[in-house]
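This report covers selected local features of one protein model. The sequence and structure come first, followed by the commentary.

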Amino acid sequence: MSPASPLSAPSPAIWNERQQRAIKLLARKPQAAPLLEFLIDLLDLQRGLFVWAGAEAWPGDLVAPADTYPRLRLETLPGERLGPVFSKFLADVGPRATDVLSEIAQTVQAKGESSQHRLLESWLTRQNLEPLGQEWGIDERALEFFPRALVQPIAEQLALRLGPVPEAWKEAFCPYCARPPQLALLRDETVIKGRHLLECSLCRTLWPFRRAVCPHCGESKAEQVQFHSSDELPHVRLVECQTCGAYFKSVDSRMDGLAMPFVEEIATVELDLWADEQGLWKLQPNILGL
Ligand SMILES: [Zn+2]
Ligand SMILES: [Zn+2]
């Protein structure tokens, strides 16, 4: 992607809105306070990365030709440019993170640049982080937080420049970065009311997807796809597939126009605890690994 890209760099204002929303929910959901407080700090760092990514001249082959999916070849992100940024991110996020993540940030920082590069590259090429985690004595799910949180705003910046997803896209994974969806969103659009979309767990691209269908196994029988509401935030529902045992959350922005889907997702941790007790598995853990 060259600086001459037809779409100019998107505005970082959305990051402030997300942060404001997290601050609002913090007051309403004290039990989610440790998560939301960390998220508020993380959004600060990610806004900086988003702005940085918007000003960078990325190599043209990072974006696949039109009609070739996924459109973003994130595995080609240049390591020499991400390396120093990753190192700084580890130093910045460490003091603000939870105790567990803070300790891991220090460990990964102390390992030096080549180990950090290995972690980043393994994650970008979608390798299993378990062997690396075992070698370093770190839980791989906790380890994943660092490359994912770093790349997320960069991927979002790049995906926004690609514009809306073509209507023909019917898959249950992101057309731009190929990652699984984090959640579903219901919203009224100018032409289509109650539109059902999936939101990417990495680049936050939205794409239309059939309602009440399991994105994992494709189950669509009404009695097999069940909904459970959050008492405190009723616009967030847990969608459970009784066929494959997967679950994800669905945010109805028509019930709360101020909802920021992934912030609501993190704030409704009680739904995850409930799902865990039921033996369900999450389609995709959120950025905080829950
Ligand atoms: Zn994506
Ligand atoms: Zn299913």
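## Backbone and zinc site

Arginine 204 is found in the loop between strand E2 (195–200) and strand E3 (206–208), where helices (H or I, at least four residues) and strands (E, at least two) are DSSP runs numbered from the N terminus. This is a predicted model in which local features need pLDDT of at least 70 and side-chain atom pairs count only at pLDDT 80 or more, while totals for chains, interfaces and linings use all residues. Residues are numbered from 1 along each chain as its sequence is written, chains are lettered from A and ligands numbered from 1 in the order in which they are written, and side-chain values use heavy atoms, with hydrogens and water left out.

Arginine 204 is not a glycine, yet its phi is positive. At 12% relative accessibility, arginine 204 counts as buried; buried means under 20% relative accessible area, exposed over 50%, and partly exposed in between (1.4 Å probe, protein chains only). Arginine 126 also has a positive phi without being a glycine. Arginine 126 sits in the loop between H5 and H6, just after H5, and is partly exposed.

| Residue | Phi | Relative accessible area |
|---|---|---|
| Arginine 126 | near 60 degrees | 47% |
| Arginine 204 | about 65 degrees | 12% |

Another backbone feature is the cis peptide bond from tyrosine 69 to proline 70, with omega near -5 degrees. Proline 70 lies in the loop between helix H2 (33–55) and H3.

Helix H5 (residues 113–124) has 12 residues, which at 1.5 Å a residue should span 16 Å; the end C-alpha atoms are 16 Å apart, in agreement. The expected span is 1.5 Å times one less than the number of residues. Buried residues in H5 include Leu119, Leu120, Trp123 and Leu124. Among the elements covering the buried residues of H5 are helix H3 (79–93), helix H4 (99–111), helix H6 (130–136) and helix H7 (140–160), with contact meaning heavy atoms within 4.5 Å.

Which protein atoms are donors of the zinc ion (ligand 1)? They are the SG atoms of Cys174, Cys177, Cys200 and Cys203, lying 2.3 Å from the ion. Donors are N, O and S atoms within 2.8 Å of the metal (3.2 Å for Na, K and Ca); water is not among the atoms, so sites may look incomplete. The spacing of the donor residues in sequence is C-x2-C-x22-C-x2-C. The 4 donor atoms subtend angles of 95 to 120 degrees at the zinc ion, so the arrangement is tetrahedral, a term used for four donors if all angles lie between 85 and 135 degrees. Both cysteine 174 and cysteine 177 are buried.

Notes:
Tetrahedral: all angles 85-135°; square planar, octahedral: opposite > 155°, others 65-115°.
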